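Me: Please take a close look at one part of this predicted model, the sheet, and describe the pairing of its strands. After that, go on to the other contacts that can be described.

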Amino acid sequence: MSDADSVTTPPSPPPAKPPWHDLARGRVARPGEWLVEKGIFAVSLTAIVMILLIFVFVGREALPILLGQADSAAARVQRILPPEDVDRMTPSELRAALGLSRRKFAARSLEEQKAALKEIYAVRAEADRNGAEAIPDKDSEVNTVGWRYLILPHQWTGYSRPEFIWQPVSQIQKFNVVPLLVGSLKVTLVAVLFALPLALGAALYVSQFASRRLRAWIKPAIEMLAGVPSVVLGFFALFVLAAALESVFAFQSRLNAFVAGIALGVAIIPVIFALAEEALSAVPRGYVEGALAVGASRWQAAWGVALPAAWPGVFAAVVLGFGRALGETMIVLMASGNAAILSWSLFDSSRTVTATIAAELGEVVFGGHHYRVLFLLGTLVLAVSFVANLVADGVMNRLRRRLASSS
Amino acid sequence: MATTDLTNPSAVARRSPSGDADSPNAPLIEIEGLSLYYGPSAALRNITLSIPERLVTAFIGPSGCGKSTLLRCLNRLNDAVENVRIEGTVRIGGCDIYSPGVDVTELRKRVGMVFQKANPFPKSIYENIAYGLRVRGLRDRKLMDGIVERSLRSAALWDEVKDRLHASALGLSGGQQQRLCIARAIATRPEILLMDEPASALDPVATSKIEDLILALKQEFTIVIVTHNMQQAARISDYTAFLNQGELIEFNTTSRLFTNPAKQETEDYVTGRFG
């Protein structure tokens with residue numbers, strides 16, 4: 001280069017090199033890249049933020065019931081006050097009793113507001129006198145959204161013994177969640193018990209026995225099952241599966257927990273398969289070869305060595321499948337029969353927590369007790385699925401590390 | 001030697017390890033015209049070789065020459081690999097192990113194998129050795145205990161692990177794990193022991209322990225060892241086969257092969273000029 005030239009041309013001064021302290025260009029030498037990096041970091045955080053926000057907003061609606069502050073009986077018991085009590089109310093109490101926003105309350109004078117409240121009470125007292133004469137009911141004094149009534153059985157008027165009752169639309173709303181929890185549990189257990197052997201068998205076959213060409217067909221096929229919209233599976237369960245199972249088992253209700261559970265099982269097979277197959281494929285080849293070399297058959301090597309080595313992954317797969325089944329809504333809404341009755345029989349119609357939320361949330365009074373109980377159920381489902389995902393993820397990560405270090 | 005029939009294991013009369021009329025150099029494994037193809041490409045070409053009984057035979061050669069593949073032909077572990085085609089015959093004690101009726105699991109019970117990387121199962125030390133016996137249907141606890149102890153003693157590992165037989169095998173050091181794998185391989189009392197670079201991942205101390213062990217096991221087993229390390233082959237083997245690019249270049253007693261090779265290629269390799 002210039003060295004060669006310098007032989008013939010008079011030596012030119014070497015080009016000025018930048019001094020070394022120019023290296024210190026500050027922490028943000030490339031502001032554009034820095035900004036983009038922070039930007040995509042923020043984007044990647046949105047998932048975490050979303051989960052937190054969902055928890056906060058869903059949980060917030062259920063908070064009054066969680067803290068025991070809601071009282072369905074309060075409105076009935078305290079709604080009639082003598083006029084002089086209304087006169088003694090502070091403005092904020094008055095506003096609360098009328099249920100008005102600050103702005104609407106300020107739009108009128110205090111005297112006007114008090115007169116309005118007295119009128120409301122007068123009307124209610126009249127109605128109450130008529131009602132009380134018609135049906136003297138001790139149920140009306142029960143706070144049906146108290147913890148005791150949400151969880152424990154209660155002997156309502158007209159019932160011969162204490163019972164768990166979910167009857168959110170009635171004179172006295174009954175919010176016992178136990179029938180729904182049992183419904184969810186039944187359907188989910190059927191789903192997991194149905195899906196586990198099939199998914200595990202497929203995972204074992206694909207990871208240990210299938211030739212590469214066969215694997216290239218089977219794996220995507222099973223994973224494609226995850227892409228089937230749940231409403232289509234529900235439709236299939238409703239018409240095809242229910243009829244087929246009814247002719248086999250001859251149960252009384254055509255749509256029941258068993259039918260919904262089987263359909264739900266089909267939906268979670270790909271979930272369990274994917275995780276179990278990953279865990280089994282991560283088992284070092286040396287384990288299986290070591291087993292073959294001491295005279296184990298391929299089946300013995302797969303069952304006795306590969307499967308135990310991948311066992312935490314299978315556990316994670318079941319937990320994740322359980323969480324997914326618990327949160328699935330459309331299939332159970334369509335195929336479970338939707339009867340909110342407490343029964344341990346798999347062949348009774350039943351109703352799950354998620355189906356209840358889907359079916360009822362559209363028709364509740366905003367901010368009412370029914371609304372809040374549904375949000376409480378939603379929070380519960382969210383928490384359980386979240387924990388299931390967390391556990392499955394943690395177990396899988398530990399297994400991946402362990403198998404990677406010993407392969 | 002009498003022809004044994006692997007298809008009918010009950011008919012096999014086990015030879016006593018002390019030996020008798022058989023001369024120590026009688027060939028136990030006879031490989032004839034063996035070629036192996038992975039898909040269209042040949043990994044082994046027309047190999048003919050006789051491996052003598054109760055001696056150590058080493059396969060040496062540069063990486064990828066097919067020595068491990070040849071070793072795995074002897075217990076049919078290549079069967080599990082896809083797209084493998086094998087031509088020629090391998091006879092062990094006169095029985096063609098690739099003939100259709102051969103029970104591969106019975107073959108592998110009698111042809112044990114130790115792998116390049118120690119691969120103990122993620123189970124306890126005891127269970128690692130018991131596994132091979134369990135898959136053979138052994139249930140007797142007392143008998144099992146005895147075999148586990150004997151195998152660990154033969155592998156020179158008993159004193160180091162006798163107090164923690166039920167601890168995980170993955171907690172052992174690399175050298176101990178490899179000796180555990182040897183113990184596992186000899187627990188089913190095979191007659192032949194295949195070793196695929198058993199010391200390549202170990203430090204010199206552990207390596208010398210393994211080599212001592214091989215020399216001790218030679219009394220009882222026919223050992224075929226693949227090694228990358230020519231000093232190792234010279235130290236422990238009686239016969240050596242030199243392979244290159246899937247072909248058997250030379251097979252002779254170890255001393256002859258290393259001191260007076262017949263082929264130029266062999267000489268170049270053993271003197272370190274290539275490979």
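Reply: B:Leu34 has B:Ile47 as its bridge partner in E2(B). In this predicted model, strand E1 of chain B covers residues 27–38 and is joined to E2(B) by eight bridges, with the two strands running antiparallel. Both belong to an open sheet of four strands in chain B, ordered E2-E1-E4-E5 and paired in antiparallel fashion. The edges are formed by strand E2 (41–52) and strand E5 (95–96) of chain B, each of which pairs on one side only.

Chain B also meets chain A: 23 residues of chain B are in contact with 18 residues of chain A. On the chain A side, helix H13 (285–293) and helix H14 (298–309) are the elements that give two or more residues. H13(A) supplies the largest share, seven residues. By class, the chain A side that touches chain B has nine nonpolar, seven polar and two charged residues.

Within chain A, a helix pair can be described as well. Helix H17 (residues 353–360) and helix H18 (residues 369–405) of chain A have axes that come within 10 Å and cross at roughly 140°. Because of that angle, H17(A) is oblique to H18(A). The crossing of H17(A) and H18(A) is left-handed. From H17(A), A:Val353, A:Thr354, A:Thr356, A:Ile357 and A:Glu360 take part in the contact, meeting A:Leu374, A:Leu377, A:Gly378, A:Leu380 and A:Val381 of H18(A). The contact of H17(A) with H18(A) is made up of six nonpolar, three polar and one charged residues.

Note on methods: Residues numbered from 1 in each chain as written. Chains lettered and ligands numbered in written order. Predicted model: local features only at pLDDT ≥ 70, side-chain atom pairs only at ≥ 80, totals over all residues. Contact = placed C-beta atoms within 7 Å. Nonpolar A, V, L, I, M, F, W, Y, C, P; charged D, E, K, R; others polar. Pairing = 2+ DSSP bridges. Axes fitted to C-alpha atoms, helices over the stretch in contact; angles between N-to-C directions. Parallel < 35°, antiparallel > 145°, perpendicular 65-115°, else oblique. Left-handed = near helix turned anticlockwise from the far one by under 90°.
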